[in-house]
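Hi everyone, thanks for coming.

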There are 2 protein chains.
Amino acid sequence: MRSSRFLMACRREPVDVTPVWLMRQAGRYMPEYRTIRARHSMLDAIRTPELACEITLQPVNVFAVDAAIIFADILPILIGMGLDLDFVKGEGPAISNPVRSPADVDALRMPPTEENLPYTLEAIRLVRRELDGRVPLIGFAGAPFTLASYAIEGGGSKHHVRTKSFMHAEPDAWHRLMDKLATVLGEYLVAQVQAGAQALQVFDSWAGVLSPADYRAFVLPYTQHVIERARSTGVPVIYFGTDLNGMLPLVRKTGADVFGLDWRIGIDDAWHQLGEDIAIQGNLDPVTLLAPWPEIRRGIDDVLMRVAGRPGHIFNLGHGILPETPVDNVRRLVDYVHTWGTGEKSDG
Amino acid sequence: MRSSRFLMACRREPVDVTPVWLMRQAGRYMPEYRTIRARHSMLDAIRTPELACEITLQPVNVFAVDAAIIFADILPILIGMGLDLDFVKGEGPAISNPVRSPADVDALRMPPTEENLPYTLEAIRLVRRELDGRVPLIGFAGAPFTLASYAIEGGGSKHHVRTKSFMHAEPDAWHRLMDKLATVLGEYLVAQVQAGAQALQVFDSWAGVLSPADYRAFVLPYTQHVIERARSTGVPVIYFGTDLNGMLPLVRKTGADVFGLDWRIGIDDAWHQLGEDIAIQGNLDPVTLLAPWPEIRRGIDDVLMRVAGRPGHIFNLGHGILPETPVDNVRRLVDYVHTWGTGEKSDG
């Protein structure tokens, strides 16, 4: 198990073929997933360990992916901290009592993970049992900035005006907020490993809205804390964010073992900027999976040729799979990556 | 006039103080602008040369900005090509008959600028007369990819799925579309200079959704054509796009005299990657203008210290001014940039 090609690549050890998994590999593009979600809300599916386990295993059973990732979401951790979160159909997450003042920050609770997110820990235990060593299981959490942004905006946001304004106008309260989030998120990741997660990914979905100067002053120390706690368990830690290609030297300072790259940069350029001592995950544009197969193949070839077999590459998309992606294209991608450079033919 | 500090900086010549103008400097944050827009729709304001002239001059009269930019929009050029464009309140631009097939591409007309956009050419003539040499006037157009994306999506888009799918599935029609757009846009920019524009900016608002491989194969040649036509007039050409920090070497290949940078990268890092022979415009995060003044000043200082007086820097935001920006912060920013490093005090 410990010698799986995904975990080996995280440690930059040579592997037989490039490991591959896909962000949102358990998701709406799969009919099996849609069947479950037709009967259960997003929060119900996350909070019912048997459902979360079943969804987690769906892509592992259908495709030859090299890792599973627990079915969960970055936001439910905020519920136990005192925020009323719901997923509104067609609109995404919504928080009815967002953080808007220093007093709101101080009112946030910091419950232990076993009390706040017992269902995800139980789902991890179930999945490990069901997987029975087939592939490693990835646990995950959001990064402090991304959680702070959701907590302050109350949902998605175009310009993150409230978040940045709070950061600039209330720096003391901002740092208290980030400190609370970093502590709770770090413990959550540790608890996931104790429950059975064999690698961890930290999603910083929104960090790319920041300038490097703001990222360094208001965010980086908290990302570092979370990644340090996560790495203290001994499992590899992946840091993923989009729109960070202008601040890769700061990304390097997070301390992650692996950086998950978006598709807006050549993987070779990014690796050169990040340095030798980090593994790379990525970075095909997810929209490419809607193209005719020769165009998908061209995209995969472009990524793999730039990496040229260098140890420490995990193939993935540069962002999550889109709901309209044809299932067959996902199967072909996974198989094509696995035969690339072996002399075998897998052209779908 | 030709020796204005804005135009000198575009040519990387030393200047007395750093020139500054702001994208969307004529816009909703100004009460004078809102007064006009309360009585006139967006398209009416653009298509009435007297109104476009008045709006263009508003920020020049109120702030000490070093350039005016003609009040117009990148999309009306599509109307004369056969697309039904409207600006829907609160939702942005909407095209009721978007380009969805090769036949739609072939049906696009290519009217001469004098017929398609006479109102903007007339507005440029009016503004030049009114400015009477106070500051230079910038003309602008969208870049071919950004126009293609609007034409295909029919408006804004999150993942640009239709655009990329068309590009991948119908490459011949895609290239015909880009060729038509590049020709019409190039002529539009030339006509603006003939009408009096003294510099040009090409807005590639959406190019940052592409991978470098797709940008190179499907977009770059057309951007190059437009910029080459624009430069043939002898005026400096600025290329602006966001989320392009992972492909600055490709940005360099566009041939622009100046690159307009977003705020997601240190201006010194970007300049280093772009090379010595290009000027840089940018790059303060526009949301910073909503912060308390000491935080705004910190942001301005960060940009200017990284540049350290190197010739060829035009101060700007990394994106357009937000509507909720306090007018007084804009005034303080402009004045502070102008006294920076001179020993004079302008701390608002």
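**A walk through the two chains**

In chain B, the buried residues of helix α8 pack against α4 (49–62), β1 (68–69), α7 (113–116), β4 (137–142) and α11 (171–195). Keep in mind that this is a predicted model.

So which residues of α8(B) are buried? They're B:Thr120, B:Leu121, B:Ala123, B:Ile124, B:Leu126 and B:Val127. The helix itself covers residues 118–131, 14 residues in total. From first C-alpha to last, α8(B) reaches 20 Å, close to the 20 Å you'd expect at 1.5 Å a residue. Then look just past the end of α8(B): B:Asp132 has a positive phi, about 50°.

Okay, on to where the chains meet. How many residues of chain B are in contact with chain A? It's 28, and they touch 28 residues of chain A. On the chain B side, the elements giving two or more residues are α10 (161–169), α12 (212–218) and α16 (293–307). The largest share comes from α10(B), with 5 residues. By type, that side of chain B splits into 12 nonpolar, 9 polar and 7 charged.

Last stop, chain A. There are 17 helices and 9 strands in it. Its radius of gyration is 19 Å, close to the 20 Å that the globule rule gives for 348 residues, so chain A is as compact as a globular protein of that length. Along its principal axes, the C-alpha trace spans about 60 × 45 × 35 Å. And 54% of the residues of chain A count as buried.

Technical notes. Residues numbered from 1 in each chain as written. Chains lettered and ligands numbered in written order. Predicted model: local features only at pLDDT ≥ 70, side-chain atom pairs only at ≥ 80, totals over all residues. Helix = DSSP H or I, 4+ residues; strand = E, 2+ residues; numbered from the N terminus. Expected span 1.5 Å × (residues − 1). Buried ≥ 20, exposed ≤ 12 C-beta atoms within 10 Å, placed from the backbone. Contact = placed C-beta atoms within 7 Å. Nonpolar A, V, L, I, M, F, W, Y, C, P; charged D, E, K, R; others polar. Rg over C-alpha atoms; globule rule 2.2 N^0.38 Å.
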